[in-house]
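This report looks at charged side chains and how they pair. Please have the sequence and the 3D view open as you read.

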Amino acid sequence: MNAAHLTTNHKVAYELLEVRTGEYGLKPLYRSGKAPLATVDAVRREAHEVLTSAFGEDGSHKRKNVTALRAATLSSWEEDGTSARNLQTFLDTVVRTAGARSV
């Protein structure tokens, strides 16, 4: 799920299909219908495609997207950022709940 999210939604990664394993790894992907061929040649071809893309214009775009995602993530943890506020709300709720139970 993380690979799909980072690849599709954030456009900061490459999802590798040919190296999937396990019971569900060799089945077709739900969103694309593609299934791995599970051959050494297929892995080699996918690795070549990813590396070519990563060192080209597509990789440059992904690196810019990572920089923007990193900045957004860091700012969410600043004093008044969304993550910091949500964590504080959660902790306040835990403390209140724990206090109410001890009475």
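Arg85 is partly exposed, with a relative accessible area of 38%. Here buried means under 20% relative accessible area, exposed over 50%, and partly exposed in between (1.4 Å probe, protein chains only). The partner of Arg85 in a salt bridge is Asp80. Asp80 is exposed, at 58%.

This is a predicted model, where local features need pLDDT of at least 70, side-chain atom pairs count only at pLDDT 80 or more, and totals for chains, interfaces and linings use all residues. Residues are numbered from 1 along each chain as its sequence is written, and side-chain values use heavy atoms, with hydrogens and water left out.

Side chains of opposite charge can pair when their charged atoms come close. A salt bridge is a side-chain nitrogen of Lys or Arg within 4 Å of a carboxyl oxygen of Asp or Glu. The whole structure has four salt bridges. Among them are these:

| Salt bridge | N to O distance |
|---|---|
| Arg44 and Asp41 | 3.1 Å |
| Asp58 and Lys62 | 3.8 Å |
| Asp80 and Arg85 | 3.8 Å |

Helices are DSSP runs (H or I, at least four residues), numbered from the N terminus. Arg44 and Asp41 sit in helix 3 (residues 40–54), three residues apart, so about one helical turn separates them. Arg44 is exposed, at 53% relative accessible area.

Helix 4 (residues 57–76) holds Asp58 and Lys62. They are four residues apart, so about one helical turn lies between them. Asp58 is partly exposed at 33% relative accessibility, whereas Lys62 is buried at 12%.

Key: Helices (H or I, at least four residues) and strands (E, at least two) are DSSP runs, numbered from the N terminus.
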